[in-house]
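Here are a few exercises to work through with the structure open beside you. Try each task before you read its solution.

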Amino acid sequence: MYEPFYTFILKIFPEFNIDPMLFDPFLECVEVNKGDFLFQAGDVCKFIGFTLKGCIRVFLLKEDRECTLSFHTEYQSFGDYRSFLKQQPTSFYCEAIERSKILMFNHQAMRFIEELPDGQKFMRLHAEGFAAMMQNKLVSLYMDTPEERYCNLFESEPHIIDRVPSYHLASYLGIKPESLSRLKRRIYQRKIS
């Protein structure tokens with residue numbers, strides 16, 4: 001049984017009644033090493049993942065430069081939902097940046113959930129939450145300064161700053177690694193003044 005996964009489900013929709021004994025057979029648990037790709041641009045995403053342990057990074061390549069879209073640490077879902085649902089090639093890369101343990105569910109698992117009473121409502125609530133999170137990140141990328149984005153990340157997900165290499169963090173913030181170093185120094189200087 002994957003207790004953190006069911007806790008995640010109930011956080012989204014506390015009234016959702018799902019029997020782990022019936023659902024567990026649809027889930028696949030895999031361990032991936034740091035640097036392993038779960039899918040790459042051009043692949044069709046065949047699963048939606050849930051991080052039990054570790055850290056996953058989703059990114060794009062633009063003119064041979066990596067643009068990090070998101071990090072997914074313990075108890076967060078990830079995947080290319082469009083590619084998964086429409087069975088079209090993804091534009092993203094999905095890489096483990098730590099040794100990770102991932103719970104994957106495929107189309108059979110999705111159908112199982114959708115056929116449960118309130119299953120479609122759960123799926124909608126999850127999609128809405130994910131869309132809102134991505135919209136907030138997109139708005140922040142265009143509206144906030146890199147320093148504001150860094151401070152927001154430090155407040156909302158401080159564990160990421162300690163776990164993610166600086167060059168990935170800089171990519172996520174939309175700045176160069178040397179700019180991130182200067183930004184950190186500036187914030188530190190302000191705090192000790």
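**Exercise 1. Find the order of the strands in the open sheet and say how they pair.**

Solution. Keep in mind that this is a predicted model.
Step 1: Trace the sheet from one side to the other; its four strands come in the order 2-7-4-5, and the sheet is open.
Step 2: Check the pairing, which is antiparallel.
Step 3: Look at the edges, where strand 2 (37-39) and strand 5 stand. Each of these two has a single partner strand, so one of its sides has no neighbour in the sheet.
Step 4: Follow the twist, which averages 30 degrees from one strand to the next.

**Exercise 2. Zoom in on strand 2 and work out how many bridges join it to strand 7.**

Step 1: Pick out Phe37 and look across to strand 7, where Glu95 stands opposite.

**Exercise 3. Which strands does helix 8 lie across, and at what angle does it run to strand 5?**

Solution. Step 1: Locate helix 8 at residues 166-173.
Step 1: List the strands it lies across: strand 4 (56-62), strand 5 and strand 7.
Step 2: Compare directions; helix 8 runs at about 95 degrees to strand 5.

**Exercise 4. Describe the largest pocket: its volume, its lining and the element that gives the most to it.**

Solution. Step 1: Start with the volume, about 660 Å³.
Step 1: Turn to the lining of 22 residues, of which Leu69, Lys137, Leu138, Leu141 and Tyr172 are the closest to the centre of the pocket.
Step 2: Assign the lining to elements. Strand 5 (65-72), helix 5 (119-143), helix 6 (146-156) and helix 8 each give two or more residues. Helix 5 gives the most, with eight.
Step 3: Sort the lining by class: 10 residues are nonpolar, seven polar and five charged.

Note on methods
Residues are numbered from 1 along each chain as its sequence is written. This is a predicted model: local features need pLDDT of at least 70, side-chain atom pairs count only at pLDDT 80 or more; totals for chains, interfaces and linings use all residues. Side-chain values use heavy atoms; hydrogens and water are left out. On a 1 Å grid over the protein atoms alone, a cavity is a set of points where a 1.4 Å probe fits but cannot get out, and a pocket is an open set with protein on both sides within 12 Å along at least five of seven lines; lining residues have an atom within 4 Å of a point. Grid points are joined across faces, edges and corners, and a volume is the space filled by probe spheres set on the points. Ala, Val, Leu, Ile, Met, Phe, Trp, Tyr, Cys and Pro count as nonpolar, Asp, Glu, Lys and Arg as charged, and the others, Gly among them, as polar. Two strands pair if DSSP finds at least two bridges between them. Axes are lines fitted to C-alpha atoms, for helices over the stretch in contact, and angles run from 0 to 180 degrees between N-to-C directions. Contact means heavy atoms within 4.5 Å.
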